[in-house]
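Welcome! Here is a short briefing to read alongside the sequence and the 3D view.

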Amino acid sequence: MKKPVVSIIIAVVVIVAAAVIYYATRPPEAAATIKIGVIGPMQYVQGIGHWNGATMAADEINAAGGIQVGDKKMKIELVQADSNEFINITDATNAMERLITNDKVDFIVGGFRTEAVLPMQDIAMENKKIFIGVGAAHDELCLRVAKDYDTYKYFFRGSPFNSSYLGRTSFIHLGTVAAILKNTLNIENIKVAIAAEKAIWTEPMIKASEGVIPKMGMELAGVWRPSPVATDVTAELSAIQRSGAHIIFTIFSSSVGIPFARQAGELKIPAVQVGINVEAQKDGFWQATQQMGNYVSTLNTYCRGVEYNELTKPFVDGYVERFGETPTYTADTYTAIKYALKPTIEKAGTLDADTLVAILENASYMAPSGKVEYLKDENGNHMHELKWGPGNITALGVQWQDGELKGFWPNKWKAVPEAPEVTYKGIVPYKIPPWVIEAYKK
Amino acid sequence: MELIVFYLRKLVTIIMNEVIVLPSRVVVVVFFLFLLFLPVFTSNQYTLRIFTLTCIFAILAASWDLLSGFTGQMNFGHALFFGVGAYSAAMINLHAHIPPWGSIPLGALVAVLAGLIIGIPCLRLRGTYLALTTLAFPIILMGLVFAFPDLTGGELGISGIERITNSRVANYYIAAGLMFGLCTIMWKITDSNTGIIFHAIREDELAVRASGINTTRYKLMAFCLSGFFAGIAGGLYAHFMRIAGPSTLEVSMSFLVVIWAVFGGVATIYGPVGAVFILFPLLEFLRFWQEYRTLMFACVLIVILLYMPDGLFPWLRDKIETECPRCKIRNISSRTTCRVCTARLD
């Protein structure tokens, strides 16, 4: 009785081993399509965004006949790779290697967690594959391009713009809202409370905020650090109220963004919320906060009804129609494929990476999130870093107004006094919560 | 020429009398030959990457077994040694410009120091209390990593580290060679007098102390040895991945090591090594069904541990081999009498 069991187990082990070896070493299929690897945490909202954006771009391109490469049209074939990068960095690098070695992809888009994207970037560069990063914001990814161009020139930032610009944009939003409060409520000395989740990525932003806020002519009321997964933040909110803060500068990427907004609404804390609240970027925020998240604002990439240019509306509306939600910035795999790769390949007439890099790094093209151009460093070295600012990519300031997410920034924004004003189509005025008006109305 | 013939004959005799007679030894030889000739059969970079990482993690899993399996010092924070090895090797390479052949052993020595640092306060603790205390150490270290981002790279880790070699095949052979070498050393340690004392400490520490053996010294030695081997694995990992980041210190990494060891069979050395060679490639193989990959992995673990609570490899070994009740020599289970003393096998 025992021997058959042993035989079965040995047989299973042998079959599995043979299957693993076959599966890992099977020859690639003949290249009749342009293969694009989409890598990201596919079990999470970020990875789903990567995949949705890429499928939308591929479907649109394929429906139009494909990409013209020299004298032939080639269709796009997407290959999905779950990087599992939130849990396991090794897994992420294996997924990248597999995309390149086994799936034989021509290009790669995606990536999210910087610690994972750095080694993933190394693998793509070793194999001379163009990798458009859509998700990780850290400056280092593009600084590497400038430092060692020959090795890292195949990397381009797709979205979002780097963390330095993210911080800068948030401070502009803060200044904009502070000016509105000053003008509307005649508050002389605006006090700002920083509410940042207890996570390492918020540390440099807190440090920068502590330096920048006084320079902006505002008073720092204090820094509060709730847990990223806190479900009750009434203690922090009460303390913020006692501090006399008029503005709460939020730095949240985790679920704490929901209870913070909900309880601030329930307690009618007389301070407006501005900054980064990733939860408030999602369509489900209104329901999750039980309508108490009204008037909460955050930095965002896309917003229904707001158009950076004529390409924004078809993309956002098409995405909403197909996937039932507003695209997040990881869905910019759409831009990476449709507006970066396709025209570059068609212009070059080849899939040769070096030729494409030379064209793409000097390209200037319109995308649904603005005009894309790539920066050079102070020594003139290519960085493949997104150019931020009026005329290029700026992102949006968005605010929940009675159940709808509305864009409020840029609204007649001037980057420098002599620059032209920037206002996107669909931008509406910022609304101060009624209980804040009541608290400070003189 | 005669000398060569003599040694060849001796080799054949050893193979016939010592290897072929036991299935487990045949499996080891086949395993060795598989690893040796893998790059001959495939030059696929992805396959070689998977097996290189498998070899590195096999060293890590075996090092946990040396400490927790043999000595009974239940360590739930083994990622500490791995992370310290990885970070130290990375820093030494990046800041002191010492190449990998120097930075990896130096990193392992720093991991030994870490073994001493956590070994000393943990000496008074046993069982659950020791497990929970050791669990805390990598978390503390991660806090330090985030507290000194200029030195440790903070959330990003330390990247841009030198490769061991530029050839994937060479990297693979280095990892495989080190895995074989280090696991043999660990196995030899457990088979030595020191190993017997490690065993005894696990079974009855009071009795060992009553026998006049300084158990404190041996427990510290176990922490340091385990730290050294895990540190080597950490250094290899950092140089292979070209990054040493906070993920090397994550709790999930500590638990993964425990899962490998328990799956393969604790207090065996070969068990955790075999488990890594099954589970790590299996997880990659399951990529064809991404949504249920982790679930299927968990199901495999549960089924194995449900039916083989002592681990897969001890269970398999017991099925195909029998120990002689008289001379304790192992025989293939199909034999009715012992191959050495001819005693009847039950």
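In chain A, the C-alpha centres of domain 1 and domain 2 lie 31 Å apart, with domain bounds that come from an automatic or database domain assignment. The contact between them takes 8 residues from domain 1 of chain A and 5 residues from domain 2 of chain A, where contact means heavy atoms within 4.5 Å. Please keep in mind that this is a predicted model, in which local features need pLDDT of at least 70 and side-chain atom pairs count only at pLDDT 80 or more, while totals for chains, interfaces and linings use all residues. Residues are numbered from 1 along each chain as its sequence is written, chains are lettered from A and ligands numbered from 1 in the order in which they are written, and side-chain values use heavy atoms, with hydrogens and water left out.

**The two domains of chain A**

- Domain 1 of chain A covers 34-160 + 309-386, and domain 2 covers 164-300 + 395-440.
- About 530 Å² is buried between domain 1 and domain 2 of chain A, and carbon and sulfur atoms give 48% of that area. Buried area here is the accessible area (1.4 Å probe) that two parts lose on being put together, summed over both.
- How many salt bridges does the rule find across the interface of domain 1 and domain 2 of chain A? The count is 0, a salt bridge being a side-chain nitrogen of Lys or Arg within 4 Å of a carboxyl oxygen of Asp or Glu.

- The size of an interface is often given as the accessible area lost when the parts come together.
- Between chain B and chain A, about 3500 Å² is buried, with 59% of it given by carbon and sulfur atoms. Tyr46(B), Leu156(B) and Gln290(B) supply 18% of the area that chain B buries against chain A, more than any other three residues.
- This contact takes 40 residues from chain B and 40 residues from chain A.
- Thr90(A) sits in helix α3 (residues 89-101) of chain A; helices (H or I, at least four residues) and strands (E, at least two) are DSSP runs, numbered from the N terminus.
- Leaving aside neighbours within four places in sequence, Thr90(A) is in contact with Leu53(B), Phe57(B), Tyr237(B), Met241(B) and Phe280(B).
- Is Thr90(A) buried or exposed? Thr90(A) is buried, because its relative accessible area is 4%; buried means under 20% relative accessible area, exposed over 50%, and partly exposed in between (1.4 Å probe, protein chains only).

**Salt bridges**

- Side chains of opposite charge can pair when their charged atoms come close.
- Over all chains, the structure holds 33 salt bridges, and the rule finds 8 across the interface of chain B and chain A.
- Arg163(B) and Glu126(A) meet in a salt bridge, at 2.6 Å from N to O. The pair crosses between chains, from Arg163(B) in the loop between β1 (158-159) and α8 (168-191) of chain B to Glu126(A) in helix α4 (residues 114-126) of chain A.
- Arg163(B) counts as partly exposed at 26% relative accessibility, and Glu126(A) is partly exposed at 37%.
- Arg287(B) also forms a salt bridge with Asp91(A), with the closest N and O atoms 3.5 Å apart.
- Within chain B, Arg25(B) pairs with Glu18(B) in a salt bridge whose closest N and O atoms are 3.3 Å apart. Elsewhere, salt bridges that share partners join Glu97(A), Glu126(A), Arg49(B), Arg163(B) and Arg168(B) into one network.
- Within chain A, Glu279(A) forms a salt bridge with Lys282(A), the closest N and O atoms being 3.4 Å apart. Glu279(A) is buried at 13% relative accessible area, whereas Lys282(A) is partly exposed at 29%.

- Ile201(B) is found in helix α9 (residues 193-203) of chain B and is buried, with a relative accessible area of 4%.
- Beyond neighbours within four places in sequence, Ile201(B) is in contact with residues including Thr71(B), Gln73(B) and Tyr218(B).
- Val428(A) lies in the loop between β17 (404-409) and α15 (434-440) of chain A.
- Val428(A) and Pro410(A) are 18 residues apart in sequence, and their C-alpha atoms are 9.6 Å apart in space.
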